[in-house]
Amino acid sequence: MSAISYYTADGLKKLREELDHLKSVMRPKASADIAEARDKGDLSENAEYDAAKEAQGMLEMRISKLEEVHSNARLIDETNLDLSKVLVLSIVKIKNQTNGMEMKYTLVAESEADLKTGKISVTSPIGKGLLGKTVGEVAEITVPNGVLKFEILEISRG
């Protein structure tokens, strides 16, 4: 059994869209590729057929994995989030105690993490270190090159 993963409404929608695309567009295309390769003659020496079958197998594995993730996905109710401490979907403004730099991150499920847009996973070292902290607290987070200290300046919700 796969672990339960939590999604925002947008994240769950993207997961469903990818799964639908794989099933309704890519699966029929894979079948057509196999049929086309099969029509080219002797299957024992047909590299194109072998490649098409392998591609289909990889596609079916991806579909199976996404179906499992989707069946264990849970939607996060953003309206009932506690703003007194850092939780999943909290927007956290932090200050690096070493260099004084301020940053703002949204803590999200691992599957929705995207550093370019300021979304960090709750399972990342920084995400884990911030969880449960309150405004004014200093989170000491061990990272590969040492210990970082971040003061929690603000907790909000998007």
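The following conversation walks through a predicted model of one protein chain.

Me: What kind of model is this, and how are residues numbered?
Reply: This is a predicted model, in which local features need pLDDT of at least 70 and side-chain atom pairs count only at pLDDT 80 or more, while totals for chains, interfaces and linings use all residues. Residues are numbered from 1 along each chain as its sequence is written, and side-chain values use heavy atoms, with hydrogens and water left out.

Me: How many helices and strands are there?
Reply: The protein chain has 3 helices and 7 strands, arranged along the sequence as β-α-α-β-β-β-β-α-β-β. Helices (H or I, at least four residues) and strands (E, at least two) are DSSP runs, numbered from the N terminus.

Me: What is the radius of gyration, against that of a compact globule?
Reply: The protein chain has 22 Å, whereas a compact globule of 158 residues would have a value near 15 Å. The radius is taken over C-alpha atoms, and the globule rule is 2.2 Å times the number of residues to the power 0.38. The C-alpha atoms fill a box of roughly 70 × 35 × 25 Å along the principal axes.

Me: How much of the chain is buried?
Reply: Of its 158 residues, 32% count as buried. Buried means under 20% relative accessible area, exposed over 50%, and partly exposed in between (1.4 Å probe, protein chains only).

Me: New topic: which residues line the largest pocket?
Reply: The lining consists of Y7, D10, G11, K14, L15, S111, E112, A113, D114, T117 and K119. Helix 1 (residues 9–38) gives the most to this lining, with 4 residues. On a 1 Å grid over the protein atoms alone, a pocket is an open set of points where a 1.4 Å probe fits, with protein on both sides within 12 Å along at least five of seven lines; lining residues have an atom within 4 Å of a point.

Me: Is L89 buried or exposed?
Reply: L89 is buried, because its relative accessible area is 7%. L89 lies in the loop between strand 2 (73–75) and strand 3 (90–96), and its phi is near 75°, a positive value in a residue other than glycine.

Me: And where is L148?
Reply: L148 lies in strand 7 (residues 146–157) and is partly exposed, with a relative accessible area of 23%.

Me: What does L148 touch?
Reply: Not counting residues up to four places away in sequence, L148 touches A139, E140, I141 and V143; contact means heavy atoms within 4.5 Å. L148 and A30 are 49 Å apart in space, C-alpha to C-alpha, and 118 residues apart in sequence.
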